[in-house]
Amino acid sequence: MIWAKEESLPRAELEQLQLARLKETVKRVYDKVPAYRIKMEENGIKPEHVQSLEDLKNLPFTNKKDLRDNYPFGLFTVPKSELVRIHASSGTTGKPTVVGYTRKDLKVWTELVTRIAVLGGATKEDVAQICFGYGMFTGALGLHYGLENLGASVCPTSSGNTQKQIMYMKDFETTLLVATPSYALHIAEVAKNMGIDPATDLKVKIGLFGGEGMTEPMREEMYKLWGRNMKVTQNYGMSELMGPGVSGECLELKGMHINEDHFIPEIIDPATGEVLPQGFKGELVITCITKEALPLIRYRTKDITRLMYEPCKCGRTTVRMENLSGRSDDMLIIRGVNVFPSQIEEVLLKTSEIGPHYEIIVDRKNHLDTMEIKVELVDDTLLESYARLEELNKKIHGNLKVVLGLDANIKLVAPRSLQRFEGKAKRVTDLRNLS
């Protein structure tokens, strides 16, 4: 099932629509947002200079710092009286980034999230349990309204109180789970400890996962816990762009379809800002072309991916983004080597003796970078055998060295001893700036 005709437009028709919306958006921000007008004039750009999609590359970038510098409403193109919803980030690293929606924005957002849900196999027959935290975070309300728009029954259980979540799943016969991948794994783990097999004792057959990246080994872990028949897809978005609804996987699992009639994607070299040719991997940049309240131009997401324009078997013609390889700002430089946490996760999740939970601790000792990786054992009887532990340690160490090109200290810990997360998992602790 395809929800909207725009998802399968011929590329020429789609690009014509994009250009018309891009021109309108660029003129609006130039006329109504002083910060954008100053940036554009510094680059010698005026709205009339945008005559083709190729001209997009001449426009200045927007980044998170721009939102913080213009906190709270400096980048908005509408007065506050026209806002019907305001969301914000947690602001843990400074001023929060504030985003807002007009009534039209909310209608568009709802439609786009409905597309994402349908991509993942959702129907109006589903009972959807949303285990994202409700509040200023856009994920929960975004999925909530999108699924209601589809006609599904929505249970807004929020995050936390995992045993009660499982009780609701059983009693309400939940068929669709919305959560971060790490929390979905935790729910299954708790269910097993309660004597409930998620694959046979619960009716959850669809997982719409977001809020953090999901590697293929993590998807495989999901199948092991929730059953091979579960439709496991991930979707992508961020508050600054709209929230969830930017892109999502179809059941072909060949990348996330971008809603190109609302967002124009580019891939750039994160170091130089140069636009890369089709098929190259780099930083994803998104331009919002239909938002009224906060239409961001060339927003640097910091997410590393590539775009795939080949036709998809699902029938949609929209470009797909590859599963994220990491974030340019999450990249660790350890003894001169670039390391993404997702690389480490891929290696760990292919090791059957350890579970999906891990922690990376980076430090500096005697002026040299060190990296310790704590991983949980699946079977605590391994702790009784030094020889087996040593053998497993060497195997993980060797596999990581092949992938990363550097040594890491592996610390094997008891099952269920590492911290669990209800929202985005925090996997990396970098102590170098504290020492």
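The protein is divided into domain 1 (1–326) and domain 2 (332–430), with bounds taken from an automatic or database domain assignment. This is a predicted model: local features need pLDDT of at least 70, side-chain atom pairs count only at pLDDT 80 or more, and totals for chains, interfaces and linings use all residues. Residues are numbered from 1 along each chain as its sequence is written, and side-chain values use heavy atoms, leaving out hydrogens and water.

Start with the interface. The C-alpha centres of the two domains lie 30 Å apart. Contact here means heavy atoms within 4.5 Å; 20 residues of domain 1 are in contact with 16 residues of domain 2. Glu 189, Thr 215 and Pro 217 supply 27% of the area that domain 1 buries against domain 2, buried area being the accessible area (1.4 Å probe) that two parts lose on being put together, summed over both.

The rule finds one salt bridge across this interface, that is, a side-chain nitrogen of Lys or Arg within 4 Å of a carboxyl oxygen of Asp or Glu. Arg 420 forms a salt bridge with Glu 189, with the closest N and O atoms 2.9 Å apart.

Arg 420 has another partner, Glu 376: their side chains make a polar contact at 2.7 Å. For that term, a pair of N or O atoms lies within 3.5 Å; within protein, one must be able to donate a hydrogen and the other to accept it, and residues adjacent in sequence count only if both atoms are side-chain atoms. A polar atom of the Glu 376 side chain also lies 2.8 Å from the backbone nitrogen of Leu 418.
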